[in-house]
Amino acid sequence: MALSKTQQRDRRHKRVRARVSGTSARPRLAVYKSNTRLTAQIINDEEGKTIVAVSSASEKGKTPRERAEMAAKTLAQKAGEKGVKRVVFDRGGFQYAGTIKLFADAAREAGLDF
């Protein structure tokens with residue numbers, strides 16, 4: 001029986017999460033992409049707390065890619081204010097291409113280290 005796209009992504013995400021965990025020294029940058037927006041959180045898994053969260057829905061831009069790039073810059077700025085410089089990237093089972101790659105590159109440029 002063939003798996004749906006969502007089931008395939010969930011499987012990939014479980015594989016990623018088996019290896020990636022956020023600590024207080026290096027929290028996890030988790031990314032989720034829907035058809036309309038991209039959301040990202042910086043999470044300390046030891047305490048189970050979200051340090052910073054951002055959504056591309058609140059950003060101004062003409063295309064989803066522009067909004068994702070601006071969201072990455074906003075996230076990096078907020079993280080810097082909270083004292084977070086180094087993170088572990090959790091792509092959430094999505095392919096590291098397109099909007100996800102653009103978001104990661106913009107976050108690196110804005111000052112996050114991963």
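Q: Why is Arg9 called buried?
A: Buried means under 20% relative accessible area, exposed means over 50%, and partly exposed is in between (1.4 Å probe, protein chains only). Arg9 has a relative accessible area of 15%, so it counts as buried. Keep in mind that this is a predicted model, where local features need pLDDT of at least 70 and side-chain atom pairs count only at pLDDT 80 or more, while totals for chains, interfaces and linings use all residues. Residues are numbered from 1 along each chain as its sequence is written, and side-chain values use heavy atoms, with hydrogens and water left out.

Q: What separates Asp105 and Lys101 in helix H3?
A: About one helical turn, because they are four residues apart in that helix. A helix here is a DSSP run (H or I, at least four residues), a strand is a run of E with at least two, and both are numbered from the N terminus. The side chains of Asp105 and Lys101 meet in a salt bridge at 3.1 Å, N to O. Asp105 is partly exposed at 27% relative accessibility, and Lys101 is partly exposed at 37%. Elsewhere, salt bridges that share partners join Arg17, Arg28, Asp45 and Asp90 into one network.

Q: How do you know that Arg19 is exposed?
A: Its relative accessible area is 78%, so Arg19 lands in the exposed class. Arg19 is found in helix H1, residues 5–19. Together with Arg11, Lys14 and Arg15, Arg19 forms a positive surface patch. Patch residues have over 30% relative accessible area and no salt bridge, with like charges joined within 9 Å and nonpolar side chains (Val, Leu, Ile, Met, Phe, Trp, Tyr) within 5 Å. Lys and Arg count as positive.

Q: How many aromatic pairs does the structure hold?
A: Three. In one of them, the rings of Phe89 and Tyr96 have centres 6.1 Å apart and planes at 85°, so that pair is edge-to-face. Rings of Phe, Tyr and Trp (its six-membered ring) pair if their centres lie within 6.5 Å; planes under 30 degrees apart are stacked, over 60 edge-to-face, and the rest tilted.

Q: Why is the pair of Phe89 and Phe114 called stacked?
A: The ring centres of Phe89 and Phe114 are 5.2 Å apart and the planes sit at 10°, so the pair is stacked. This pair links distant parts of the chain: Phe89 is in strand E4 (residues 88–90) and Phe114 in the segment after helix H3 (98–109), 25 residues apart. Phe89, Tyr96 and Phe114 form one aromatic cluster.

Conventions: Areas by Shrake-Rupley, 256 points an atom, 1.4 Å probe, with all protein chains shown as cover. Salt bridge = Lys/Arg side-chain N within 4 Å of Asp/Glu carboxyl O. Charge placed at Lys NZ, Arg CZ, Asp CG, Glu CD.
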